[in-house]
Amino acid sequence: MMPQGLLPTILSALLWTQAARADSVDEFVGSARIQVLNITSFWDDGALDSRIGCINAAGMLTLDDCAVFTRFDASPNTLYTKAGNCTFQNPNMPMNTDSIYGQNTPAWWCGERGDWPMYEEWYYTLNGQPYPFVCTGNIRCFFDVKAVVPVAGDALPIWTYFWGSQQMDIEAGHWRVTLLWERVDKE
Ligand SMILES: *[C@@H]1O[C@H](CO)[C@@H](O)[C@H](O)[C@H]1NC(C)=O
Ligand SMILES: *[C@@H]1O[C@H](CO)[C@@H](O)[C@H](O)[C@H]1NC(C)=O
């Protein structure tokens, strides 16, 4: 059996070569709530039933405190909420200490940027996915949360999912999730 950690990369390689069936790409615009789906494949039949929560204005996983995110039309296509721009580089956010490759990577966060160094982050989706799933960086389309379903009032960290030869799948006690861009500017 193929190690599961390889799946995102192989799928992505296939997707990049597909002709522009640009449905998901066309949808990754405007303003949206970001739903967190506990799935390990983009084509999971139960994707929309696998929701565990959504992202709040500070960029954290909650049960139902779903903030409105907006994507800048121009490069680098940052996302922002009413709190500010979103980034995985705020050193004050918790690090994913359980992950071998993600242990020095802070959780997502949206706000007024502090006095820390930061490179430009961009957010995009892949061609031909069934839904507009949020991707960032070097084809990072899966994310990593602790294996906990949020309850009302929780605000839990969400990290990018990293893997490699020493850790081919999501680390124990965590779930690999996707972020669904659910547009609100069409409602
Ligand atoms: C999330 O997905 C994992 C892996 O498929 C599964 O073991 C777990 O039960 C799921 N959690 C929920 C709340 O559905
Ligand atoms: C937010 O991001 C946009 C796009 O990258 C940038 O033009 C703007 O200066 C950023 N705002 C802040 C407060 O950093």
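**Ligand contacts and aromatic rings**

Modeller: A polar side-chain atom of Asn85 lies 2.3 Å from an oxygen atom of ligand 2.

Biologist: What makes the Asn85 pair a polar contact?

Modeller: A polar contact is a pair of N or O atoms within 3.5 Å; within protein, one must be able to donate a hydrogen and the other to accept it, and residues adjacent in sequence count only if both atoms are side-chain atoms. The Asn85 distance is 2.3 Å, so the pair qualifies. Thr78 also has a polar side-chain atom at 3.0 Å from an oxygen of ligand 2. The protein covers 47% of the 360 Å² of accessible area that ligand 2 has on its own (Shrake-Rupley, 1.4 Å probe; for residues, only the protein chains shown count as cover).

Biologist: What are the ground rules here?

Modeller: This is a predicted model: local features need pLDDT of at least 70, side-chain atom pairs count only at pLDDT 80 or more, and totals for chains, interfaces and linings use all residues. Side-chain values use heavy atoms, without hydrogens and water; residues are numbered from 1 along each chain as its sequence is written, and chains are lettered from A and ligands numbered from 1 in written order.

Biologist: Which residues are around ligand 1?

Modeller: Asn38, Val149 and Trp175 (a heavy atom within 4 Å). The side chain of Asn38 has an N or O atom 2.5 Å from an oxygen of ligand 1. Ligand 1 alone exposes 360 Å², and the protein buries 40% of that.

Biologist: How many aromatic pairs does the structure hold?

Modeller: There are 12. In one of them, Phe42 and Trp43, the ring centres are 6.0 Å apart and the planes stand at 65°, so the pair is edge-to-face. Rings of Phe, Tyr and Trp (its six-membered ring) pair if their centres lie within 6.5 Å; planes under 30 degrees apart are stacked, over 60 edge-to-face, the rest tilted.

Biologist: Why is the pair of Phe72 and Tyr80 called tilted?

Modeller: The planes of Phe72 and Tyr80 meet at 45°, with centres 4.8 Å apart, so the pair is tilted. Phe72, at 36%, is partly exposed. Tyr80, at 29%, is partly exposed too.

Biologist: How do you know that Arg176 lies over the face of Phe142?

Modeller: The test is NZ of Lys or CZ of Arg within 6 Å of the ring centre and within 35 degrees of the ring normal. Arg176 is at 4.8 Å from the ring centre of Phe142 and lies over its face.

Terms used: Buried < 20%, exposed > 50% of the residue type's maximum accessible area, 1.4 Å probe, protein only.
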